[in-house]
Amino acid sequence: MKFSFTDEQAMLRDSSAAFLADKAPLSRVREVMVSDGGFDRTLWQQITGEMYWQAILVPEEQGGLGLGFVESVIVLEQIGLGLTPVPLAPVMVSTLALASVGSGARAEQLLEGIAEGRVVVLAHTAARPHWCA
């Protein structure tokens with residue numbers, strides 16, 4: 001079986017790489033790594049406002065792009081290659097969990113928040129799962 005990206009997926013890969021090369025050089029990554037902030041909030045705002053990567057897996061009904069796993073992996077690979085200090089992977093995992101098992105107004109509200117750039121992560125305890133926004 002031969003796998004190749006569609007033209008749109010290749011464009012997503014190339015634009016992701018170019019964006020990160022410009023906005024998240026290694027010098028900035030090192031600076032954020034030694035800070036107390038945990039992640040680069042300025043870069044996160046640029047990602048959520050300009051690139052909309054946080055909305056790749058959010059269903060269109062909740063304001064997302066409604067794309068799939070291949071598109072999410074394309075962007076996550078670029079994030080990983082540059083050690084980019086943003087919470088995209090946990091946000092995407094939470095999006096998958098919400099879209100798969102979440103229901104009702106709260107799940108829709110959280111998915112809409114993710115599409116708008118809010119950082120939402122799933123915290124799971126032995127008693128029950130809990131959403132943190």
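These legends describe close-up views of a predicted model.

**View 1. Helix α1 against helix α4.**
Helix α1 covers residues 7-23, and helix α4 covers residues 69-81. Their axes come within 9 Å and cross at roughly 25 degrees. That crossing angle makes α1 roughly parallel to α4, since angles under 35 degrees count as roughly parallel. The crossing of α1 past α4 is right-handed. On the α1 side, the contact is made by Gln 9, Leu 12, Arg 13, Ser 16, Ala 17 and Leu 20. On the α4 side, Val 70, Glu 71, Ile 74, Val 75, Gln 78 and Ile 79 take part. Sorted by class, the contact of α1 with α4 has seven nonpolar, three polar and two charged residues.

**View 2. Helix α1 against helix α3.**
The axes of α1 and α3 are 12 Å apart, and the two helices pack at an angle of about 145 degrees. Here, α1 passes α3 in a right-handed crossing. From α1, the residues in the contact are Ser 15, Phe 19 and Lys 23. They meet Leu 43, Gln 46, Ile 47, Glu 50 and Met 51 of α3. The contact of α1 with α3 divides into four nonpolar, two polar and two charged residues.

Ser 72 has a relative accessible area of 4% and is buried, the cut-off for buried being under 20%. Leaving aside residues up to four places away in sequence, Ser 72 touches Ile 56, Leu 57 and Met 92.

**View 3. The salt bridge between Arg 13 and Asp 14.**
Side chains of opposite charge can pair when their charged atoms come close. A search of the whole structure finds four salt bridges, and one of them joins the side chains of Arg 13 and Asp 14. The N to O distance in the Arg 13 and Asp 14 pair is 3.2 Å. Arg 13 is partly exposed, at 28% relative accessible area. Asp 14 also counts as partly exposed, with a relative accessibility of 45%. Arg 13 is among the α1 residues that contact α4.

**View 4. The salt bridge between Arg 28 and Glu 31 in helix α2.**
Glu 31 forms a salt bridge with Arg 28, and the closest N and O atoms are 2.5 Å apart. Both residues belong to helix α2, which covers residues 26-33. Because Glu 31 and Arg 28 are three residues apart in this helix, about one helical turn separates them. Glu 31 is partly exposed, with 47% relative accessibility. Arg 28 is partly exposed too, with a relative accessible area of 26%.

**View 5. Arg 28, Asp 40 and the salt-bridge network.**
Arg 28 also forms a salt bridge with Asp 40, with the closest N and O atoms 2.9 Å apart. Arg 28 lies in helix α2, while Asp 40 lies in the loop between α2 and α3 (41-51), so the pair ties together parts that are twelve residues apart in sequence. Asp 40 is buried, with a relative accessible area of 3%, whereas Arg 28 is partly exposed. Arg 28, Glu 31 and Asp 40 are linked in a network of salt bridges.

How values were computed: Residues numbered from 1 in each chain as written. Predicted model: local features only at pLDDT ≥ 70, side-chain atom pairs only at ≥ 80, totals over all residues. Heavy atoms only, no water. Axes fitted to C-alpha atoms, helices over the stretch in contact; angles between N-to-C directions. Helix = DSSP H or I, 4+ residues; strand = E, 2+ residues; numbered from the N terminus. Parallel < 35°, antiparallel > 145°, perpendicular 65-115°, else oblique. Left-handed = near helix turned anticlockwise from the far one by under 90°. Contact = heavy atoms within 4.5 Å. Nonpolar A, V, L, I, M, F, W, Y, C, P; charged D, E, K, R; others polar. Buried < 20%, exposed > 50% of the residue type's maximum accessible area, 1.4 Å probe, protein only.
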